[in-house]
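Colleague: Thanks for sitting down with me. Could you walk me through what this one shows?

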Amino acid sequence: MSIRIPLAALLGLFFTGLFFLVAVFAPLLAPYGYDEVVSSGFWDPSSSEYWLGTDGIGRDLLSRIIYGLRTTIWIATLATLLSFTTGSVLGFLAAVMGGWVDQALSRFVDLIMSIPSLIFALVILSITPITITVLILVMGFLDSTRVYRLARAVAVDITVMDYVEAAKLRGEKYIWIIFREILPNALSPLVAEMGLRFIFMVLFISTLSFLGLGIQPPQADLGGIVRENAEGLTYGIGAALYPAITIALLAISVNLVADWVLARTTSLKGGRG
Amino acid sequence: MGPIAKLLAQRISLGLLLLLLVSIVIFVGTSILPGDVAQQILGQSATPEALANLREELGVNDPPVTRYLNWLGGLLTGDLGTALTSGQSINEAIGRRLSNTLFLAVCAAVIAVPLAIFLGLLAVRYQERWPDKAISASTLTTISMPEFVIGYIMMFIFGVQLRWFSPTAVGYRPEADFFTRLESIALPVIVLTLVVLAHMMRMTRAAILNVMQSAYIETAELKGMSTFSVIRKHAFPNAVAPIVNVVMLNLAYLVVGVVVVEVVFVYPGMGQYLVDHVTKRDLPVVQACGIIFAAIYIGLNLVADVVSIVTNPRLRHPK
């Protein structure tokens with residue numbers, strides 16, 4: 001069976017692939033180092049030497065964006081994985097065990113979700129040291145609540161199936177039921193959701209860095225590079241727009257892929273539709 | 001007691017309980033996490049005496065429950081404490097900034113809400129045709145951009161290149177007359193509108209489609225009612241609740257968007273105040289701002305629920 005991929009999804013796939021390749025091979029692709037001061041001027045215009053010009057302290061902007069992309073994608077990926085593992089395991093567990101475990105977990109998630117994620121993250125980051133590990137943990141934890149809700153909703157439908165009942169009667173352990181009975185059947189809606197969570201993570205880390213509470217200089221992710229160059233905007237220097245547009249392009253291309261996957265999986269059995 | 005009153009009482013008490021729990025989460029979250037506030041404020045080079053003094057002053061040595069109760073008591077009596085970094089009363093600073101933030105948010109809401117409902121209706125009217133498609137494409141674009149990206153792009157184009165509006169809100173003075181104030185926040189308002197517009201349109205569209213596709217609308221059409229009376233008698237009463245819900249959820253979202261937009265445009269509001277003091281690790285300010293943002297967020301969600309209870313025809317006319 002051949003799959004016809006719509007144009008939008010193809011474009012999305014192409015750019016998503018491109019962004020990930022650039023992220024992986026950043027050290028090979030970047031013409032200069034990420035914190036290498038290459039010019040004595042600041043905000044040089046783009047030239048054959050510096051394709052996108054230089055930033056406020058004379059570093060090559062293109063190199064910085066390439067490394068920034070790498071950092072953004074790297075952190076967003078790890079945080080998405082963390083959020084997915086925690087969220088789906090707990091969601092499945094709540095669905096399979098039911099009773100007070102389900103109640104306790106679900107009410108806790110309700111509570112966490114009643115505070116906007118960004119505000120919650122700011123409150124936590126006001127007290128913890130701001131390191132990459134802490135950022136990934138905070139983002140993964142806050143986002144796992146959404147994955148939890150989805151995973152639980154999907155799993156609740158599956159746990160009433162005869163084969164799960166049969167497995168329970170056979171005396172299988174919860175772990176077995178979760179990984180052998182529920183996970184394979186819940187995978188497609190979860191994978192479709194993964195793209196959306198990844199976008200959310202990209203936006204989240206970019207926003208935190210933009211606010212100065214994410215990746216700390218001289219390291220930078222895309223949001224941080226926007227912050228560094230924002231001052232130039234008021235003088236008519238558009239350097240900050242390049243990283244800003246990169247964030248938007250990354251998010252839009254992943255979104256196009258996610259939309260396509262979502263449309264395909266919801267039409268399958270076991271989807272959310 | 002009617003079913004509506006009972007449901008309302010339940011929902012409102014649930015909201016208050018939630019707020020109490022959130023205050024515990026915010027307080028406990030900032031108390032049990034690793035990290036010594038005193039050390040964070042004074043830096044690594046602080047002497048042990050200075051650290052001990054500051055801890056004493058912060059009341060870190062008191063048992064956590066006492067500290068929480070003191071803090072909560074202060075909150076309830078309207079005393080938010082003093083900022084560590086400036087030694088000034090938080091009440092005063094927040095009072096000024098909160099009204100600035102609300103002014104910004106209300107201006108954005110006044111534009112965004114009618115526009116979103118209108119465009120949502122348009123999308124339903126021209127379903128699957130080009131206006132609908134254009135609307136979903138723009139939705140995809142705006143939800144893929146963080147607020148600050150939209151902010152800087154607008155600032156660069158309309159503030160710096162075209163010079164239609166002032167690029168930042170630095171010149172904002174709360175005591176200036178209404179139109180001067182509006183002018184200085186034109187760009188932030190436009191950005192905030194764009195941020196919530198897409199979501200609100202999409203959700204309005206879904207809510208109206210949901211109502212229009214239900215069986216009772218079809219019945220009304222089939223028995224020969226005019227389109228206008230179908231909408232007035234059947235569609236509208238059922239669409240109010242979902243639309244108000246959409247509006248409230250998006251206003252709640254606006255509250256978060258405000259934080260970033262204020263930083264982008266250097267607007268003296270709550271968001272900027274919060275972010276500044278997270279950087280300075282000024283815990284009392286962060287806690288106070290956190291609980292206020294959470295309270296507004298929970299409050300708007302509560303209003304959404306209350307409106308859907310009150311406008312629900314099934315609840316208003318119990319059998």
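Colleague: Among contacts in chain A between residues at least 6 apart in sequence, what share joins residues at least 24 apart?
Modeller: Happy to start there, with the reminder that this is a predicted model. Chain A has 273 residues, of which 50% are buried. Taking its contacts between residues at least 6 apart, the share that joins residues at least 24 apart is 68%.

Colleague: And in chain B, what percentage of the contacts with a separation of 6 or more comes from residues 24 or more positions apart?
Modeller: Chain B has 319 residues, and buried ones make up 35% of them. Its C-alpha atoms fill a box of roughly 85 × 60 × 35 Å along the principal axes. For residues 24 or more positions apart, the part of those contacts is 72%.

Colleague: How many helices and how many strands does chain A have?
Modeller: Reading from the N terminus, the elements run α-α-α-α-α-α-α-α-α-α. The C-alpha atoms of chain A fill a box of roughly 75 × 50 × 30 Å along the principal axes. The count for chain A is ten helices and zero strands.

Colleague: Which helix gives the most to the side of chain A that touches chain B?
Modeller: The contact draws 36 residues from chain A and 42 residues from chain B. On the chain A side, the elements that give two or more residues are H5 (117-125), H8 (174-210), H9 (222-233) and H10 (241-267). With seven residues, the one that gives the most is H10(A).

Colleague: How many charged residues are on that side of chain A?
Modeller: Let's go by class. The side of chain A that touches chain B has 26 nonpolar and ten polar residues.

Colleague: Over in chain B, are H11(B) and H13(B) roughly parallel or roughly antiparallel to each other?
Modeller: H11 (residues 227-264) and H13 (residues 283-310) of chain B pack with their axes 8 Å apart, at an angle of about 175°. An angle over 145 degrees counts as roughly antiparallel. H11(B) and H13(B) are therefore roughly antiparallel.

Colleague: Which class of residue has 14 members in the contact of H11(B) with H13(B)?
Modeller: On the H11(B) side, the residues that meet H13(B) include B:Val244, B:Met248 and B:Leu251. Their partners in H13(B) include B:Phe293, B:Ile296 and B:Leu300. Besides three polar and no charged residues, this contact has 14 that are nonpolar.

Colleague: Is the crossing of H12(B) past H13(B) left-handed or right-handed?
Modeller: H12 (residues 270-279) of chain B packs against H13(B) at an angle of about 145°, with the axes 9 Å apart. In this contact, B:Met270, B:Tyr273, B:Leu274, B:His277 and B:Val278 of H12(B) meet B:Val285, B:Val286, B:Cys289 and B:Ile292 of H13(B). By class, that gives eight nonpolar, one polar and no charged residues. As for the crossing, H12(B) passes H13(B) in one that is left-handed.

Colleague: One last thing: how many of the eight residues of helix H10 of chain B are buried?
Modeller: This helix spans residues 215-222 and is hardly covered. Just after H10(B), B:Gly224 takes a positive phi of about 95°. A residue needs 20 or more other C-beta atoms within 10 Å of its own to be buried. Among the eight residues of H10(B), the count of buried ones is zero.

Note on methods
Residues are numbered from 1 along each chain as its sequence is written. Chains are lettered from A and ligands numbered from 1 in the order in which they are written. This is a predicted model: local features need pLDDT of at least 70, side-chain atom pairs count only at pLDDT 80 or more; totals for chains, interfaces and linings use all residues. Helices (H or I, at least four residues) and strands (E, at least two) are DSSP runs, numbered from the N terminus. A residue is buried if 20 or more other C-beta atoms lie within 10 Å of its own, exposed if 12 or fewer, and partly exposed in between; C-beta atoms are placed from the backbone. Two residues are in contact if their C-beta atoms, placed from the backbone, lie within 7 Å. Ala, Val, Leu, Ile, Met, Phe, Trp, Tyr, Cys and Pro count as nonpolar, Asp, Glu, Lys and Arg as charged, and the others, Gly among them, as polar. Axes are lines fitted to C-alpha atoms, for helices over the stretch in contact, and angles run from 0 to 180 degrees between N-to-C directions. Angles under 35 degrees count as roughly parallel, over 145 as roughly antiparallel, 65 to 115 as roughly perpendicular and the rest as oblique. A crossing is left-handed if the near helix is turned anticlockwise from the far one by less than a right angle, and right-handed if clockwise.
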